[in-house]
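The report that follows should be read with the sequence and the coordinates side by side. Its sections go from conventions and confidence to the core, and then to individual helices and strands.

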Amino acid sequence: MRRIVLFLSGTVTVVTLLFGYHTSTAGGLYQAAVAVDSSSSTAATSGNTATGGTSSGSAGTSGSAGGSGGDSSSTRTVTGPTVQTQWGPVQVQLTVSGGTITDVSVLQHPSGNSMDQQINDYALPILVQSTLDAQSSQVDMVSGATVTSMGYLQSLQAALDSAGI
Amino acid sequence: MDALHGRYVAQLMGMPVSLALRGRHARDARGGRAWAAVVRELEEVDAVFSTYRPDSAVCRLDRGELDLRQAPAVVREVLDLAERATQVTDGWFSVWLPGPGGPRRLDPSGLVKGWAVERAAAHLADLDGTDYCLAAGGDLTCRTGDADDVPWRVGVEDPADPARTLAVVPLLSGGCATSGDRHRGPHVVDPWSGQPARAGGSVTVVGPSLLWADVWATAGYAHGDDAARWLAEVCPLTTLVVAPDGSVRTHAPAA
């Protein structure tokens, strides 16, 4: 089992509503507005984004969030479903206390060749923060995540749902 | 709407596909069956379009073993869409990519994902009183039945730091796609040179259709450093471009 320290302070502050517009295209309702975080980063390291395209890995586990929202004052652990990525299974466990996530453990993470390991070492810890950021800004889905991180995120997101957060 | 979402995840077409449902069938058996139908359909699409399966129709087409007239109708549909995509993007989106020193190769992956996900989402549209948000490898399509309802909130990942979302897109119904650097698998390829497109940054496009959002995001990323200006000029959709230096530019077309 692998444990990761949480950073609860990294709240995204959404400051500006830049634009919004409507259009009536076939299929109906469409509304878009983009709010940009004022403190958006200036560093430019290369991204770590999704592998596109169609590929061979199609067998997968489907997991659905189980359980329902519970008592917000107690401390409990919630385990997300195992999510298959093309590099192996990912599963996370949350500890929730008083309605706040106090810990995240990665129960399973992909292990394969050293390249995969490097990517995992890089991807998993920072995603803890990502998910907390996402949670704090109430994001339902993320556009642009890595394949590895998506698996992780989804397991975590499902755990969040189970926790009723 | 019920605040609790139903969530489903599966590895399909080589990427995680994730569904959020809210409303009447978010967590019941009907919602589960609709998800199963989505999974089945995406598996079928992968069998036809995968560039990783030597026996797929697309691989056989590419090797010249299959005549387009004998190909499944969905392949012709996708190639027609691809041709339109190439036209509207002035050639910056193409499924015929220059091979290394060789002839152009057929790789419709950049279009198939958006097309397939949007098509599979039809199974979810059948769920009455239920909103969905269906994502595949970082691109998504969503629907909200009621205009007065809460939009889906789509976080746009910071390409320099996937630990952060640098924007939030409230989306009632439509698609959102992001193209960025890829450490794994095929890069976004400049369709003119066959070389991987720029390093760093990302292009996010939001619109009524995931397929076209995806096409424009890919074309914009392939365009390189000039993406923001170019998209503002020619793309009819809402765009968010993160330059390699981290600066963010957004543009919405006139209503």
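## Conventions

Two residues are in contact if their C-beta atoms, placed from the backbone, lie within 7 Å. Helices (H or I, at least four residues) and strands (E, at least two) are DSSP runs numbered from the N terminus. A residue counts as buried if 20 or more other C-beta atoms lie within 10 Å of its own, as exposed if 12 or fewer do, and as partly exposed in between, with C-beta atoms placed from the backbone.

This is a predicted model, in which local features need pLDDT of at least 70 and side-chain atom pairs count only at pLDDT 80 or more, while totals for chains, interfaces and linings use all residues. Residues are numbered from 1 along each chain as its sequence is written, and chains are lettered from A and ligands numbered from 1 in the order in which they are written.

## Confidence in chain A

pLDDT is the predictor's confidence in each residue, from 0 to 100. Chain A averages a pLDDT of 47, and 13% of its residues score at least 70.

Strand S5 of chain A spans residues 75–79 and contains A:Arg76. The residue A:Arg76 is exposed, because 11 other C-beta atoms lie within 10 Å. Its C-alpha lies 5.4 Å from that of A:Val96, although A:Arg76 and A:Val96 are 20 residues apart in sequence.

Chain B contains seven helices and twelve strands, and 56% of its 255 residues are buried. Of the contacts in chain B between residues at least 6 apart in sequence, 56% join residues at least 24 apart.

A nonpolar core is a set of buried Ala, Val, Leu, Ile, Met, Phe, Trp, Tyr and Cys residues joined through C-beta atoms within 7 Å. The largest such core has 80 residues, and those with the most contacts inside it are B:Leu134, B:Ala213 and B:Trp216. Helix H6 (residues 210–223) of chain B supplies the largest share of this core, ten residues. When residues up to four places away in sequence are left out, B:Leu134 touches B:Leu19, B:Val38, B:Val117, B:Ala121, B:Leu124, B:Leu140 and B:Thr141.

## Strand S5 of chain B

B:Leu134 belongs to a strand with buried residues on both sides: B:Thr130, B:Tyr132, B:Leu134 and B:Ala136 point one way from S5(B), B:Asp131, B:Cys133 and B:Ala135 point the other way, and all are buried. Strands count as paired if DSSP finds at least two bridges between them. S5(B) pairs in the antiparallel sense with strand S2 (residues 15–23) of chain B over seven bridges, with B:Thr130 as the bridge partner of B:Gly23.

Five bridges join S5(B) to strand S6 (residues 139–143) of chain B, again antiparallel, and B:Ala136 has B:Asp139 as its bridge partner. The hairpin of these strands has two residues between them, and B:Gly137 takes a positive phi near 50° there.

## Helix H3 of chain B

Helix H3 (residues 73–88) of chain B has 16 residues and reaches 23 Å from its first C-alpha to its last, close to the 22 Å expected at 1.5 Å a residue, a span computed as 1.5 Å times one less than the number of residues. Its buried residues are B:Val75, B:Val78, B:Ala82 and B:Ala85. Seen down the axis of H3(B), these fall within an arc of 80°, so they line one face of the helix; the arc is that of the directions from the helix axis to the C-beta atoms.

The cover over the buried residues of H3(B) includes helix H1 (29–49), helix H2 (57–62), helix H4 (109–120) and H6 of chain B. The face turned away from the buried side carries the exposed residues B:Ala73, B:Arg76, B:Glu77, B:Asp80 and B:Gln87. After H3(B) comes B:Asp90, with a positive phi near 55°.

In helix H7 (residues 227–234) of chain B, the buried residues are B:Ala227, B:Ala228 and B:Leu231. Down the axis of H7(B) they fall within an arc of 95°, so they line one face of the helix. They pack against strand S10 (202–207), H6, strand S11 (238–242) and strand S12 (248–251) of chain B.

S11(B) and S12(B) run antiparallel and are joined by four bridges, with B:Arg249 as the bridge partner of B:Val241. S12(B) has a covered face, B:Val248 and B:Thr250, and an uncovered one, B:Arg249 and B:His251. Five residues lie between the strands of this hairpin, and B:Gly246 in the turn has a positive phi of about 95°.
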